[in-house]
Structure formats: structure tokens, C-alpha cells
Amino acid sequence: MSILSSVGRIGTRYSAARARYRSERALLSLPIELRKDIGWPEIVVDAQNSPRICRQSS
């Protein structure tokens, strides 16, 4: 395992996390009615962390 491959994996994970964060932020900006209409999962607000999307199985 080389240092470059480790740095590449870290960069890939960082990029995926940023894309996920931007998507969650865009969803939070939508009105609740619209989020329900398009079928996005419930957004749970945790007091210690920022809001996160939660897929709850019913």
C-alpha cells in the first residue's frame, strides 16, 4: 500500500461526503410538502449534529 493510494482513498471519501452534505442541504431547503411529494425520507434533526436524512423502515 503506497502513500499515494492512501491519499487517493481519503480524497475519494472526502469527495463523497461533501456531495452527500450538499444533497442533504438542498433537501433541507425544500418545503416539507414538496419533500413528501417526491418521496424523500424523513429528515431527523439531532441536537448535537446537523440535520441528517434518516430512512426508517416501517
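## Surface and overall make-up

Accessible areas here come from the Shrake-Rupley method with a 1.4 Å probe, and for residues only the protein chains shown count as cover. On that basis the protein has an accessible surface of about 5100 Å², with 57% of it belonging to carbon and sulfur atoms. This is a predicted model, where local features need pLDDT of at least 70 and side-chain atom pairs count only at pLDDT 80 or more, while totals for chains, interfaces and linings use all residues. Residues are numbered from 1 along each chain as its sequence is written, and side-chain values use heavy atoms, with hydrogens and water left out.

Of the 58 residues, 9% count as buried (under 20% relative accessible area; exposed is over 50%, partly exposed in between, with a 1.4 Å probe and protein chains only).

## Fold

You get two helices and two strands, in the order α-α-β-β along the sequence. These are DSSP runs numbered from the N terminus: helices are H or I of at least four residues, strands E of at least two.

## R35 in helix α2

R35 sits in helix α2. R35 is buried but has no salt bridge, and the nearest side chain of opposite charge, E33, is 7.5 Å away. For a salt bridge, a side-chain nitrogen of Lys or Arg has to be within 4 Å of a carboxyl oxygen of Asp or Glu. What the R35 side chain does reach is the backbone oxygen of L30, at 3.2 Å.

## The nonpolar patch

L34, I38 and W40 make up a nonpolar surface patch, together about 280 Å² of accessible area. Patch residues have over 30% relative accessible area and no salt bridge; like charges are joined within 9 Å, nonpolar side chains (Val, Leu, Ile, Met, Phe, Trp, Tyr) within 5 Å.

W40 belongs to the loop between α2 (32–38) and β1 (43–44), and is partly exposed at 40% relative accessible area.

Notes: Lys, Arg positive; Asp, Glu negative; His and termini not counted. Polar contact = N/O pair within 3.5 Å; in protein donor to acceptor, adjacent residues only side chain to side chain.
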